[in-house]
Amino acid sequence: MKKIFILLTALMLTIAAGAQRLKITTSDNTYSFAASEVTEQSPADFSNGSTVTINGTTINLSDITSIEVVSESGSSSDVEANTVNIVYNGSTATVTKADNVSNYVSAEVSSAHVTITQTNTEAIDDNEITYVLSGSTTDGSLTLDGSYKCTVTLAGLKMTNPSGAAINITNKKRIQLSVKNGTENMLTDGSNGSQKACLYSKGQLQLQGKGTLNVAGNTKHAIKSGDYVTVKNLTLNITKAVGDGISCEEYFQMKSGSVTISGVGDDGIQCDLSGDTSTGETTDHDDEDSGNVYLEGGTLSVTVTAAAAKGIKADGDMCISDGTINVTTTGNGAYDSDEKDAKGSSCLKADNNMTISGGTLTLKSTGSGGKGIKADGMLTITDGTISATTTGSQYRYSSNATASPKAIKSDGAMTIAGGTIVASSSNHEGIESKSTLTITGGYVYAYAGDDAMNSAGDFTISGGYVFGNSSGNDGLDANGDFYIKGGNVVAVATREPEVGIDANSEQRKQLYITGGNVVAIGGFENGSSISGGTAKSASYSKGSWYGLYNGSTLAFAFKVPSNNSMGTSMAVYTTDTPALKSGVTGSGTSFWNGYGYSNCSGGSDVTLSTYSGGNGGGGGWPGGGGWPGGGWR
């Protein structure tokens with residue numbers, strides 16, 4: 001220690017003469033001090049003979065492994081202000097602190113396992129401390145503790161911790177985890193550990209940067225935050241997780257970037273409510289605890305395989321406004337012993353309301369009881385392009401516990417006001433609301449082995465383009481009253497007793513048509529009330545294209561499906577005198593999954609006859625307003 005004392009004294013006299021720095025390396029840390037720190041501002045203190053204290057930092061002389069003088073600027077060993085560099089090199093790690101933060105950062109290094117404690121009370125030089133991690137290790141980690149906001153930058157880091165989390169941030173404040181542009185980074189944790197995730201943050205976690213981060217979680221989640229998680233710009237690949245890909249509380253927000261999640265044992269993304277009561281969405285999400293998921297941009301691709309797993313799950317609302325979202329679930333249904341009910345997988349699941357106002361969504365669920373979109377509350381769609389497909393059968397745990405596949409389902413009211421929607425469920429309903437279903441705009445096509453579209457309450461269409469194609473039941477079905485006030489509608493049903501457009505006449509409910517342009521293969525519900533236009537009947541040919549005209553104006557061109565079993569007649573309605581041409585060639589805007597066009601040419605006139613299946617007694621029930629056959633249908 002005497003030699004070190006003499007060397008330090010000599011070097012401090014040396015750097016006092018020029019723009020140089022004193023660099024001291026110990027077994028755990030690297031310190032860098034400016035000349036003014038060791039001479040003028042707070043001279044080095046050797047008073048106890050076993051330590052040296054420089055600008056508030058105390059170093060054991062026995063721990064010093066090297067001392068050197070470096071230039072004030074331009075040296076590769078210099079550390080930028082407000083920065084702590086952590087370099088991993090196999091079984092070792094080196095921590096180097098900028099001089100202006102050395103008083104506020106304590107570091108302990110054991111082999112390549114680094115523990116940092118940050119104690120500053122305010123931002124340093126109007127900026128927070130940044131920890132820059134680089135290098136490679138197969139047995140290392142970072143544990144970061146403190147109570148202040150900071151940034152963790154990954155700058156070409158490949159780190160595996162075989163016995164715990166790769167990065168464990170116990171700081172409860174906001175953490176920016178920034179992935180440096182042009183770098184690829186990999187985090188992997190160990191199996192059978194006690195960690196909550198490979199990358200864990202007790203506080204808010206902002207994932208950002210323009211680099212690439214790959215994460216594999218071998219004990220539980222890949223990424224876990226005890227607070228909110230936001231994603232912006234970075235490329236994030238979650239390649240494995242025993243639990244969820246991303247698990248968080250309060251809210252999840254994706255603004256931009258690319259996120260790919262696969263190989264997980266539970267949900268792709270799960271956001272829980274932290275407290276007992278939701279704050280709902282707040283301005284700029286300040287102090288928000290909602291359990292909401294906000295998808296606002298970027299590309300999000302999720303594949304989940306576990307039974308009853310969810311691609312993206314919100315404990316509160318789910319709000320989708322932009323971005324490209326691709327979700328696939330392959331797991332079968334399962335019995336939930338807590339809720340004592342059968343559950344299926346869902347690509348998108350909101351425990352409360354769901355709103356879709358933009359974006360491109362491609363959703364596919366192949367397991368039994370699966371769903372593309374499931375909202376336990378209301379579902380509102382105002383824009384966006386949505387393809388939702390389910391191919392699985394019903395999951396049956398018992399006669400009282402079943403889960404049926406649906407492409408799009410809401411337990412609350414469903415409203416569609418825009419967008420392009422293609423929903424397909426080969427073994428059950430395509431689109432279903434357990435409350436009311438209202439369509440005012442957009443292009444909506446649904447194919448199903450059961451009802452193509454079904455409402456447990458009233459069903460109202462007042463605008464848009466709507467095509468319900470069923471190969472095993474009604475095309476469009478309401479368990480309440482059905483109102484068609486406008487829009488362009490095609491409904492295809494299987495053969496009798498099913499009908500193209502059905503209302504619950506058994507409960508004295510009724511189909512009311514007062515506007516729009518309507519085609520129903522299988523006809524209208526008996527007892528329909530038709531006014532404000534004219535209904536006609538015609539024969540049809542499977543697989544043929546037709547043009548429906550409202551007077552002399554083309555309403556739309558449509559193709560008749562080639563389902564195995566279809567209703568025997570076709571009913572048409574327009575507000576003027578309807579006309580029909582067969583064998584037309586479609587052109588212009590394509591919609592209804594290729595079954596519709598805005599324009600057409602050619603074709604031959606179709607002979608129409610008076611429709612006798614619904615108007616009857618002047619707009620009431622057939623035969624002058626009575627019930628068909630003197631009773632219920």
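Biologist: How many cavities of 30 Å³ or more does a search of the whole structure find?
Modeller: This is a predicted model. The largest cavity has a volume of about 30 Å³. The number of cavities of 30 Å³ or more in the whole structure is one.

Biologist: Which element gives the largest share of the lining of the largest cavity?
Modeller: The lining includes M254, L295, E296, G297 and D322. Two elements give two or more residues to it: strand 26 (292–304) and strand 28 (318–329). The largest share is five residues, and it comes from strand 26.

Biologist: How do the residues of that lining divide into nonpolar, polar and charged?
Modeller: Ile, Leu and Met count as nonpolar, Asp and Glu as charged, and Gly as polar. L300 and I325 are among the lining residues, as are G298 and T324. The division of the largest cavity's lining is four nonpolar, four polar and two charged.

Biologist: Now the largest pocket. Which residues of its lining lie nearest its centre?
Modeller: The largest pocket has a volume of about 670 Å³. Strand 30 (341–343) and strand 31 (346–350) are among the elements that give two or more residues to its lining. There are 29 lining residues, and nearest the centre lie K310, A342, K343, G344 and K349.

Biologist: How many residues in the lining of the largest pocket are charged?
Modeller: Lys is one of the residue types that count as charged. K310, K343 and K349 are among the residues nearest the pocket's centre. By class, the lining has six nonpolar and six polar residues, and its charged residues number 17.

Biologist: K340 is in a loop. Which strands does that loop lie between?
Modeller: K340 is not a glycine, yet it has a positive phi of about 55°. K340 counts as exposed because its relative accessibility is 60%, and the cut-off for exposed is over 50%. Its loop lies between strand 29 and strand 30.

Biologist: Where is S111, which has a positive phi although it is not a glycine?
Modeller: The phi of S111 is about 60°. Its place is a loop, between strand 8 (105–110) and strand 9.

Biologist: Is I129 buried or exposed?
Modeller: I129 sits in the loop between strand 9 (112–118) and strand 10 (130–137). Residues up to four places away in sequence aside, it touches N82, V84, V101 and C150, among others. Buried means under 20% relative accessible area. I129 has 0% relative accessibility, so it counts as buried.

Biologist: How far apart in space are I129 and Y148, C-alpha to C-alpha?
Modeller: In sequence, I129 and Y148 are 19 residues apart. In space, their C-alpha to C-alpha separation is 9.1 Å.

Biologist: Strand 39 pairs with strand 42. Which residue in strand 42 is the bridge partner of A423?
Modeller: Strand 39 (residues 420–425) is mostly covered, with five of its six residues buried. It pairs with strand 42 (residues 443–448) in the parallel sense over six bridges. The bridge partner of A423 is A446.

Biologist: Which residue stands opposite T420 in strand 39?
Modeller: Strand 34 (residues 379–390) pairs with strand 39 in the parallel sense. Six bridges join these two strands. Opposite T420 stands T385.

Biologist: What is the bridge partner of S582 in strand 60?
Modeller: Strand 57 (residues 578–582) and strand 60 run antiparallel. Two bridges join them. In strand 60, S582 has as its partner S604.

Biologist: What is omega for the peptide bond from E496 to P497?
Modeller: P497 lies in the loop between strand 48 (488–492) and strand 49 (501–502). The peptide bond from E496 is cis, with omega near 20°.

Biologist: Finally, the whole chain. How many helices and strands are there?
Modeller: The protein chain has 633 residues, and 55% of them are buried. Among contacts with a separation of 6 or more, 59% come from residues 24 or more positions apart. The count of elements is three helices and 61 strands.

Notes. Residues numbered from 1 in each chain as written. Predicted model: local features only at pLDDT ≥ 70, side-chain atom pairs only at ≥ 80, totals over all residues. Heavy atoms only, no water. 1 Å grid on protein atoms, 1.4 Å probe; cavity = no way out; pocket = protein on both sides within 12 Å on 5 of 7 lines; lining within 4 Å. Points joined across faces, edges and corners; volume = space filled by probe spheres on them. Helix = DSSP H or I, 4+ residues; strand = E, 2+ residues; numbered from the N terminus. Pairing = 2+ DSSP bridges. Buried < 20%, exposed > 50% of the residue type's maximum accessible area, 1.4 Å probe, protein only. Contact = heavy atoms within 4.5 Å.
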